[in-house]
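Please look over the sequence and the model shown below.

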Amino acid sequence: MRRSEAFFWFSLVFTVMIFAVYRSPPVLYLGLIYSIVVFLARNSLGHKETLLDGWGILGTAMLLVSPVFLAVRFGEYPSPAAFHALILIGLSLLLFRPRSTVGPNSIALFEAFLAAAVRSRSVGDLVAWLSDRFVDVTSYLVRGLIDLFNVPITMNGNVAVVRDTIVVVGSGCSGLDAFTLYILASLLLIYLRKSNRNEALLLLAGALGIIPLNALRIFSLLVIGYHSGISFLELFHSHLGDLMFVAYVFLYWWWVTGKGGKDTKSAGL
């Protein structure tokens with residue numbers, strides 16, 4: 001197996017492992033984007049003959065420092081995203097020429113920056129405000145679905161009553177993280193495909209679908225909880241959203257890129 005292919009599989013498996021332990025959506029989504037970029041650039045990743053040159057020493061230092069972000073609390077929690085990003089960047093600097101890893105490492109640097117930014121008070125306040133707005137819109141759509149399908153679930157504001165259990169649609173259910181990461185992934189796809197204006201607009205417009213998709217997810221969980229019990233709601237809560245998000249992105253991007261390909265072909269380009 002080539003070094004670049006081995007690094008792709010490492011980045012993919014490592015991402016899944018970190019997410020399985022810490023349940024951090026940014027780690028999962030940005031890690032998957034990182035792995036995709038590595039896969040697409042695997043033939044252009046330049047192997048280094050000497051591992052411990054200046055860049056290799058910097059990479060080694062990143063690998064040695066990275067466990068600190070799991071062992072020490074930065075704010076209320078440790079930072080698995082920073083750990084994840086430093087491991088990927090550090091290892092890539094050891095194995096490949098830095099110029100050939102600019103694409104994937106830009107994703108990892110953004111992940112590290114995001115991990116630091118969300119711990120600042122101003123950014124935290126902005127994220128909290130946006131999250132509240134997303135919760136309001138999502139709760140309104142969920143109430144609409146409950147009324148549309150005449151499900152015997154009471155919902156007042158962002159609080160639903162499922163039989164005798166209260167379920168709160170909080171900031172963790174807002175869908176803001178998936179909305180933001182979809183936009184980032186779309187920008188990366190636009191860059192990689194060198195999309196024309198129409199395709200780029202369609203790809204970015206797909207972010208709007210994340211909001212009703214998240215409302216459908218929460219509605220589905222409430223229905224599961226009503227018919228099968230809250231234990232089943234909790235069972236599906238952790239993974240249903242990820243599966244729906246991945247399916248939505250795959251199908252929507254497939255439709256947009258297929259449409260863009262047909263438009264290009266018909267134009268004779």
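Strand 2 (residues 159–162) has a covered face, formed by Ala160 and Val162, and an uncovered one, formed by Val159 and Val161. This is a predicted model, in which local features need pLDDT of at least 70 and side-chain atom pairs count only at pLDDT 80 or more, while totals for chains, interfaces and linings use all residues. Residues are numbered from 1 along each chain as its sequence is written, and side-chain values use heavy atoms, with hydrogens and water left out. Helices (H or I, at least four residues) and strands (E, at least two) are DSSP runs, numbered from the N terminus.

- Three strands form an open sheet in the order 1-2-3 with antiparallel pairing, where two strands pair if DSSP finds at least two bridges between them.
- The edges are strand 1 (154–156) and strand 3 (165–168), each of which pairs on one side only.
- Neighbouring strands of this sheet are turned by 25 degrees against each other on average, direction ignored; angles run from 0 to 180 degrees between N-to-C directions, and axes are lines fitted to C-alpha atoms, for helices over the stretch in contact.
- Strand 1 and strand 2 are joined in the antiparallel sense by three bridges, and Met155 stands opposite Ala160 of strand 2.
- Strand 2 and strand 3, also antiparallel, are joined by four bridges; Val162 stands opposite Thr165, and Val159 has Val168 as its bridge partner in strand 3.

**Hairpins and positive phi**

- The hairpin of strand 1 and strand 2 has two residues between the strands, and Gly157 takes a positive phi near 65 degrees there.
- The hairpin of strand 2 and strand 3 likewise has two residues between the strands, and Arg163, found in the loop between them, has a phi near 55 degrees, a positive value in a residue other than glycine.
- Arg163 is exposed, with a relative accessible area of 54%, on a scale where buried means under 20%, exposed over 50% and partly exposed in between (1.4 Å probe, protein chains only).
- Arg23, in the loop between helix 1 (3–22) and helix 2, also has a positive phi near 55 degrees in a residue other than glycine, and Arg23 is partly exposed, with a relative accessible area of 44%.

**Helix 2 against helix 5**

- Helix 2 (residues 25–40) packs on helix 5 (residues 80–95) at an angle of about 15 degrees, with the axes 10 Å apart.
- That makes the two helices roughly parallel, a term for angles under 35 degrees, whereas those over 145 count as roughly antiparallel, 65 to 115 as roughly perpendicular and the rest as oblique.
- Val27, Gly31 and Tyr34 of helix 2 meet Pro80, Ala81, His84, Leu88 and Ser92 of helix 5, contact meaning heavy atoms within 4.5 Å.
- By class, this contact has five nonpolar, three polar and no charged residues, where Ala, Val, Leu, Ile, Met, Phe, Trp, Tyr, Cys and Pro count as nonpolar, Asp, Glu, Lys and Arg as charged, and the others, Gly among them, as polar.

**Helix 2 against helix 8**

- The axes of helix 2 and helix 8 (residues 176–193) come within 10 Å and cross at roughly 10 degrees, which makes this pair roughly parallel.
- Helix 2 contributes Pro25, Pro26, Tyr29, Leu30, Ile33, Val37 and Leu40 to the contact, and helix 8 contributes Asp177, Leu181, Leu184, Ala185, Leu188 and Leu192.
- The residues of this contact divide into 12 nonpolar, no polar and one charged.
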